[in-house]
Amino acid sequence: MALPPILQKLALPVIGSPLFIVSNPKLVIEQCKAGVVGSMPALNARPAEQLDEWLAEISETLAAWDRDHPESPSAPYAINQIVHKSNDRLDHDMAVCARYKVPVVITSLGARTDVNDAVHGWGGIVLHDIINNAFAKKAVEKGADGLIAVAAGAGGHAGVKSPFALIQEIRAWFDGPIALSGAIANGGAVLAAQAMGADLAYIGSAFIATEEARASDAYKQCIVDSTSDDIVYSSLFTGVHGNYLKPSIRAAGLDPDHLPESDPSKMNFGGDAKKAWKDIWGCGQGIGAVRAVVPAGELVARLKREYEAARARLC
């Protein structure tokens, strides 16, 4: 499976997933400098005008890094766009991305031909996240260049499919780039993702417990202290099922083992959702591998060592 040229020279086959509220330019920059794709949701920039400032910071900082470090150039960065109708900022945010010719756009919660065409118009590529094979086919039909297969165990809006089932079904008809998401937090899991047919691993929760992430110290420490037993799958907080840390739900006065279902027609990813659920912490099942809060570059270095060690064991 051939990757687009922009994704062929990564130091490690990893995309740092866009983390709602948590991702910021500092984290994205450090991920890219370490040689993996760094990303953030456009909606994390608030007010909307801040997105222009953030993209300028990312673009200028990485360009300077590349001039000073020609032997280890930065990886490309990505911006996540929520294309669901509840996102009333999409047109504005896409226009800003167009000005900076954002190299990779990650689309979520709906595939749109017009969005894909716009990204292709400025020379970027689109990766669309999906939770099943049917959605994967719709995304490719509408012009997505690649897919992010969000399997069971992923943080945030996760699916319920085994990664083995999901990847094999998609690979039966699609030979384009696939990133796999779902409880990946060490280098061995990155290699395993490739072994089952994915090109890249898509890692989110481990990056929350980094120094650059815009998360509270309590959130980061909770990830360090928790395991997969501390994750609950619920649709209550945004209208879409996702994985969250039980301690944060308890702290909000709710019983994580007896949560009501939410009405999916009331999905909300705007400012109200951020305010209402800012202390409900999204997280995936792979956090047992996270044992300390470290700089993002140090996390990537650990993943590299583990990846190479896993490859060596198979030789």
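Leaving aside neighbours within four places in sequence, S108 is in contact (heavy atoms within 4.5 Å) with N80, Q81, I82, V83, H84, H128 and D129. This is a predicted model, in which local features need pLDDT of at least 70 and side-chain atom pairs count only at pLDDT 80 or more, while totals for chains, interfaces and linings use all residues. Residues are numbered from 1 along each chain as its sequence is written, and side-chain values use heavy atoms, with hydrogens and water left out.

Two of those neighbours make polar contacts with S108. A polar contact is a pair of N or O atoms within 3.5 Å; within protein, one must be able to donate a hydrogen and the other to accept it, and residues adjacent in sequence count only if both atoms are side-chain atoms. The side chain of S108 reaches that of N80 at 3.0 Å. It also meets the side chain of D129, at 2.9 Å. S108 is buried, with a relative accessible area of 6%. Buried means under 20% relative accessible area, exposed over 50%, and partly exposed in between (1.4 Å probe, protein chains only). Between the C-alpha atoms of S108 and A213 there are 21 Å; along the chain, 105 residues.

S108 sits in strand 4. Helices (H or I, at least four residues) and strands (E, at least two) are DSSP runs, numbered from the N terminus. Strand 4 (residues 104-108) runs parallel to strand 5 (residues 125-130), and 4 bridges join them.

Two strands pair if DSSP finds at least two bridges between them.

Past strand 2 comes a loop. N44 lies there, between strand 2 and helix 2 (50-68). N44 is buried, at 2% relative accessible area. Its contacts beyond four places in sequence include L19, F20, W54 and R214.

Next, strands 9 and 10. Strand 9 (residues 231-234) runs antiparallel to strand 10, joined by 4 bridges. V232 has Y244 as its bridge partner. Strand 10 (residues 242-245) is covered on both faces: G242 and Y244 on one side, N243 and L245 on the other, are all buried.

The whole structure has 3 aromatic pairs. Rings of Phe, Tyr and Trp (its six-membered ring) pair if their centres lie within 6.5 Å; planes under 30 degrees apart count as stacked, over 60 as edge-to-face and the rest as tilted. W173 and F174 form a tilted pair, 5.5 Å centre to centre with 50° between the planes. W173 is partly exposed at 32%, whereas F174 is buried at 8%. F237 and Y244 form an edge-to-face pair, at 4.9 Å and 70°. Both F237 and Y244 are buried.

Last, the cysteines. The structure holds 0 disulfides (pairs of cysteine sulfur atoms within 2.5 Å). For C97, the nearest cysteine sulfur is that of C32, 14 Å away. C97 is buried at 0%.
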